[in-house]
Structures are given as structure tokens and as C-alpha cells.
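I opened the notebook to record what I looked up, one topic per entry.

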Amino acid sequence: MKRSYFIKKVFQALLTIAAILVFNYFLFRIMPGDPLQSLMRNPKATPEAIEGLKKLYGLNYPWYVQFEIYIKNLFSGNLGMSFLYKQPVYEVIGSRVLPTVLMVGLAEILATIVGIVLGILAAARRGKAVDVASLSFSLITYSMPTFWLGIILVSIFSVSLQLLPTTGLLTAGQSYSSTMSMLVDGIKHLILPTLTMSLVLIGEYTLLMRNTLIDVLTEDYITTAYAKGFNEDYVIKKHAVPNAMLPMITIIAMNTGFVIGGAIQVETIFSWPGIGRLMYDALTARDYPLLQGIFLMITFAVIIANLLADFTYGYLDPRVKQ
Amino acid sequence: MKDMKSKTKRPKLKKFLVSLRNSKMGTMGSVILVFFLLLAIIGPIIYPFNPQVFGTGREILNSPSMHHLLGTDDMGRDVLGNLIAGSRISLLVGIMATLISMIIGTVLGILAGYYNKRIGSLIMQFTDFFLVIPWLPLMLVLAVILGTSIWNIILVIGLTGWAGTARVVRAQTLSVKERPFIERAVAIGSSGRHIMVKHILPNVFPLVFANTILVSAVAILSETTLSFLGLGDPTQPSWGMMLHYAFESGAASIGAYWFFIPPGLAVVLVVLGFTFLGYAFDEILNPKLKGR
């Protein structure tokens with residue numbers, strides 16, 4: 001891709017990150033109440049103790065100095081201390097990333113594959129049963145709150161059918177005779193959260209693929225391909241779909257922010273020990289350092305995902321090449 | 001509806017309503033929304049619900065009966081009454097938040113489109129910033145900071161949902177700006193403000209309206225999610241709050257389907273209604289979609 005495109009996209013991403021840092025800083029400083037109050041929770045504290053605590057957290061400096069400290073801390077990986085867990089925020093977040101990545105990653109892969117296939121089918125047989133069915137499915141899952149879908153699935157599969165567990169990574173307090181049985185238990189716990197996330201995404205991706213493909217099929221070069229004598233399967237597979245993949249990939253990557261929202265809901269319902277659940281816990285406990293750290297991390301992830309999407313687009317779209 | 005060129009300035013209202021009635025999605029959406037609107041306005045008057053009146057211990061989570069058509073919730077209250085009362089709150093929040101988003105989005109969009117060079121790109125950077133930040137974490141954080149009264153919730157949803165509208169309005173403004181009558185208006189010395197209000201706004205409005213309907217759908221989903229996660233106004237028995245209490249009290253584990261299905265279903269129906277209507281509007285009003 002063109003060097004100038006690459007540089008421009010990176011620059012924009014850095015600008016956005018800088019804006020996020022500033023935004024994040026001020027957001028949590030305008031919260032009501034004295035930060036010292038939530039730190040200490042002891043109304044009998046002496047003035048000296050308060051002063052000492054102020055110095056410890058650097059709260060006696062003017063706001064721009066605090067901002068400098070904040071930035072310096074950020075670059076050395078210091079995100080503060082969590083109120084709730086009494087551990088460095090960095091560690092708390094670190095221990096919870098993997099479950100989220102596992103579930104969301106699986107869900108995305110599943111949803112992308114099924115969504116693309118269904119979307120192609122729907123577009124190719126537009127107006128027929130497949131199309132109407134997948135459209136209805138997409139619309140309905142799109143209109144559902146993600147967490148509600150999760151609750152429904154739990155009540156069907158866990159309560160009524162007693163097939164799958166309701167919460168957690170593994171069954172609490174269970175000892176396993178072999179790694180295999182532990183793996184099986186883990187997979188049983190993974191199914192419902194991943195399914196919930198996937199269903200919502202499948203709805204969206206099917207709709208997207210179908211609409212993009214329909215747009216592509218109205219282009220002139222498709223008519224040319226047909227005129228050349230190629231049959232429908234070939235034209236769709238070799239000409240239409242590759243062109244439709246371009247906006248698909250971009251939008252899937254840009255969707256990361258939305259996926260995070262879904263993950264927060266799903267992890268809350270299923271007590272899945274990931275970042276989403278962590279944010280919910282931090283929220284309930286009003287653990288501001290933890291909230292700030294999670295918010296920062298999530299936003300970074302989304303910006304990087306968008307950047308990667310831009311790069312992929314720049315690489316795949318010949319119109320952007322040199 | 002075949003030739004739009006003869007109606008550049010204002011699509012005729014009657015033609016529009018006719019094409020709306022012809023569209024299957026349009027009629028379905030309208031029917032659903034009118035139903036819920038009536039429910040929200042008249043419902044609580046005919047079938048009142050007082051969230052402060054709790055039932056006795058024996059009345060908790062009762063399955064549907066003649067006395068309570070949809071059973072009782074975790075505090076012995078009538079689920080049907082709550083459902084009807086909730087329609088008012090959920091719709092109110094959705095509509096008001098959308099109004100805020102629409103106003104911000106339209107103003108910024110028109111400004112960005114009309115003053116295309118520096119101001120425009122500045123506004124678009126700001127808009128893109130809001131588009132990048134993931135919606136739920138941003139709303140959660142804002143709700144924690146601002147507090148969870150019903151007006152704060154409306155504000156939070158409104159302040160986070162305008163970016164899409166701004167983008168769409170800006171694109172439309174850019175295209176409207178190229179039309180000859182704008183050039184004429186500038187030539188005779190009309191001020192920017194006059195042009196934007198009297199000429200651009202009316203031509204941008206139909207698209208804005210279609211977009212607004214879709215934004216409403218998201219707004220209602222947002223309120224439901226926020227309330228479910230515990231950041232709603234506890235004094236307002238919205239559908240989201242019902243689902244919140246349903247989850248907290250373990251209704252799903254007990255199999256108290258009457259408590260957690262109706263509010264969710266209601267949300268799905270209303271959102272579907274808005275989505276259908278929005279798609280229908282979009283198809284009718286969006287010049288780019290014609291002839292597909």
C-alpha cells in the first residue's frame with residue numbers, strides 16, 4: 001500500500017490515542033466526591049494522615065503536574081491500584097484477558113464463517129426461502145438485547161434441559177481425574193457464552209454480507225462476466241465474493257467496539273471471568289482506578305483493531321496500492 | 001416514485017405516506033409502534049401500577065393466574081402492570097435520548113458539511129473520536145460518573161449516540177451544497193446561517209428522519225442494557241429494570257419465565273418496529289438506494 005496511506009492512518013490512530021488519554025484523565029477527575037474519601041473511608045482520620053495520603057497519591061500537586069505523572073506512569077505500565085482487589089490494576093486486568101479473548105475470538109470466527117456463508121446464500125437466492133429466513137433471523141437477533149438472548153439460552157439449555165452449566169470457566173470445586181475431563185468440562189462451560197455472542201454476530205454479518213454482495217452483483221463487471229458465458233456459481237465465487245469481502249473485513253474489524261459491549265453483557269450473565277465481567281464488577285464497586293484502566297485498555301484494543309483493518313484494506317484494495 | 005428530479009426541494013407528504021403504506025415493512029413497523037405508543041400513553045391509566053406496593057411472601061414469583069395474568073415478580077408485584085408502566089418509561093427515554101442525539105448530530109453534520117475545510121475536518125475528527133470509542137464502556141463510565149437518575153440516563157445515551165447521524169448528515173450536506181440554488185443564494189449574499197437553515201436543513205431533513213428512527217432503536221436497547229447492568233434509575237420500573245431484577249433474583253434458574261420473557265419480548269418488538277420503519281423510510285427517502 002502507499003507509504004503515505006500507511007503513515008496517515010498511523011498518525012490518525014496516535015492522535016486518537018492521545019485524545020483518549022486526555023479524555024480518560026479528565027473523565028475520572030470530574031467525578032463527584034473527594035477522591036480521598038473513597039480512598040480512606042474513615043471519617044476519624046487525622047489531618048496528618050490525610051496529608052500523608054495526599055502526598056502518597058500525588059493529589060497535592062496542581063492538575064497539570066498530576067497529568068504529567070499520569071502520563072509517565074502510563075508509559076511505565078503503572079495504572080494505579082485497584083480499590084477492590086488491592087492489587088496493581090495492570091495485574092488484575094492481565095489475569096482476565098485470556099478468557100475474554102478465548103470466548104470472543106471463538107465467537108467471531110464462528111460468526112464470520114457462518115455469516116459469510118449464509119450471506120452468500122441469501123444474496124444468491126434473493127427473495128427465496130433462504131433469504132427470507134436469514135433476514136428474519138438477522139433482524140430478530142439484531143433487535144434482541146444480547147444479555148436477554150443469554151438468559152433465554154440459559155433457561156433452555158441449563159434449566160430445562162439440564163445439558164450445560166450456567167456459570168464460570170470450570171465447575172467450582174471440581175477435581176479432575178485427567179486433563180481430558182478438565183478440558184471437556186471447560187468446553188461445556190464455553191459453549192453457551194460463545195453461542196450467545198455468535199448468534200448476535202451471525203445476524204449482523206449475514207445481513208452485511210448479503211447486502212454487500214447484492215450491491216456488488218449490480219456492478220457492470222458482473223454483467224460482463226455473465227456475458228462472457230460464465231455460469232452463476234463461478235461468477236459469484238470468483239468475481240463477486242472477493243469484492244464483497246473488502247468492506248466485510250473492514251466492518252468486522254471496526255465492529256470490535258460493539259463486540260466488547262456484547263462481551264460485557266455475556267460475561268456478566270455467565271460469570272465468565274473476563275475483562276467484561278471485570279468492568280461490571282469495577283462498576284458496581286465504583287473502583288475508579290480499575291475502571292479507568294479497563295476503559296483505556298478496551299479503547300486501545302479497538303483503535304488498534306481499526307488500524308489493522310485499515311492496513312488490511314490498504315493491502316487488499318488495489319485502488320489504494322502504489 | 002420513479003422520477004425524483006421533479007421534486008428536488010420537498011418530497012410531497014401524501015406521496016410519501018402512500019409509498020409507506022405500500023411497503024410491507026413500513027406498515028408492520030407503524031402498526032407495532034402505534035400499538036406501543038398507545039400502550040404507553042393510555043395503558044398506565046387504564047391498568048395502573050404502583051412499584052412501591054409489594055406483595056406478601058407468598059406472592060413472590062407466582063406463575064400466571066387469573067389474578068395476575070403474567071404472574072408476579074420477585075417482590076410480589078404484578079408483572080403485567082409493570083410491563084405496561086415500563087412501556088412509558090422505555091419509550092420516553094428512547095425518544096428523548098434520540099432527540100438529543102439527533103439535534104447534536106444534525107447541527108454538527110450540517111456545520112461540518114457546509115464549512116468543509118478546517119472547521120469541517122475538526123468536527124469530523126471529533127465525530128470519529130466518538131465513533132471509535134466502544135459504546136457500552138463509554139456509557140457505563142459516564143453513567144457511573146454522572147449518576148443514575150432517569151435524566152442522566154437520557155443524557156448519557158443522547159451524548160453517545162450522535163456520531164452516526166453527524167456522519168450521514170455531513171455527507172448529505174456536501175451533496176446538497178453542490179446544487180445550483182445554493183450557489184445562487186451565496187451569490188445574492190445570503191449569510192451562511194440563512195443558507196444552512198433555510199436551504200440545507202429542509203433538504204437534509206428526510207434523511208435525518210430516517211436515520212433518527214434507527215437511532216431510536218439503539219437508544220431503547222441502550223436504556224435496557226444500562227438498566228440491566230444496574231445503572232438504571234431504580235425508581236423507574238422500565239423494562240430494563242424488570243430484566244435487572246429478574247436476573248438478580250435468579251428467575252431464569254427457577255424457571256420463572258413470565259418474569260424475564262415479557263419485558264425482553266417487548267423490547268424486541270419495539271426495536272423491530274423502529275427498525276422496520278427505519279428501513280422503509282430509508283428505502284423511500286434515500287436517493288442512493290433507488291432502483292435496487
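**Entry 1: A:Asp317**

I started with A:Asp317, which I found in the segment after helix 13 (288-316) of chain A. I am working from a predicted model.

**Entry 2: helix 8 and helix 10 of chain A**

A:Pro247 turned up again when I listed a helix contact. Helix 8 (residues 179-217) of chain A packs on helix 10 (residues 232-254) of chain A with the axes 9 Å apart and an angle of about 135 degrees. That angle makes the two helices oblique to each other. I noted the crossing as right-handed. Helix 8 of chain A brings A:Leu208, A:Met209, A:Thr212, A:Leu213, A:Val216 and A:Leu217 to the contact. From helix 10 of chain A I listed several residues, among them A:Ala240, A:Asn243, A:Pro247 and A:Ile251. I sorted the residues of this contact by type: eleven nonpolar, two polar and no charged.

**Entry 3: helix 8 and helix 11 of chain A**

How do helix 8 and helix 11 of chain A lie relative to each other? Their axes come within 10 Å and cross at roughly 150 degrees. Angles over 145 degrees count as roughly antiparallel, so I filed this pair as roughly antiparallel. This crossing is right-handed. On helix 8 of chain A I found A:Leu192, A:Pro193, A:Thr196, A:Met197 and A:Val200. They meet A:Gly262, A:Ala263, A:Val266 and A:Phe270 of helix 11 of chain A. My tally gave seven nonpolar, two polar and no charged residues.

**Entry 4: A:Ser271**

I moved on to the loop between helix 11 (256-270) and helix 12 (275-285) of chain A, where A:Ser271 sits. A:Ser271 is not a glycine, yet I read a positive phi of about 50 degrees. I counted 15 C-beta neighbours inside 10 Å, so A:Ser271 goes down as partly exposed.

**Entry 5: chain A as a whole**

I counted 13 helices and zero strands in chain A. Its C-alpha trace spans about 90 × 55 × 35 Å along the principal axes. Chain A has 322 residues, of which 34% count as buried. I also checked contacts between residues at least 6 apart in sequence: 73% of them in chain A join residues at least 24 apart.

**Entry 6: the core**

Which residues have the most contacts inside the largest nonpolar core? I found names from both chains: A:Met279, A:Leu291, A:Ile294, B:Met139, B:Leu140, B:Ala143 and B:Val271. This core has 146 residues. Its largest share, 18 residues, comes from helix 9 (residues 192-231) of chain B. I followed up A:Met279. Beyond four places in sequence, A:Met279 is in contact with A:Ile264, A:Ile294, B:Pro137 and B:Leu140.

**Entry 7: where the chains touch**

The contact takes 36 residues from chain A and 30 residues from chain B. On the chain B side, the elements giving two or more residues include helix 4 (118-132), helix 5 (135-146) and helix 12 (257-285). Helix 12 of chain B gives the largest share of that side, eight residues. I sorted the chain B side too: 23 nonpolar, seven polar and no charged.

Key
Residues numbered from 1 in each chain as written. Chains lettered and ligands numbered in written order. Predicted model: local features only at pLDDT ≥ 70, side-chain atom pairs only at ≥ 80, totals over all residues. Core = buried A, V, L, I, M, F, W, Y, C linked by C-beta atoms within 7 Å. Buried ≥ 20, exposed ≤ 12 C-beta atoms within 10 Å, placed from the backbone. Helix = DSSP H or I, 4+ residues; strand = E, 2+ residues; numbered from the N terminus. Contact = placed C-beta atoms within 7 Å. Nonpolar A, V, L, I, M, F, W, Y, C, P; charged D, E, K, R; others polar. Axes fitted to C-alpha atoms, helices over the stretch in contact; angles between N-to-C directions. Parallel < 35°, antiparallel > 145°, perpendicular 65-115°, else oblique. Left-handed = near helix turned anticlockwise from the far one by under 90°.
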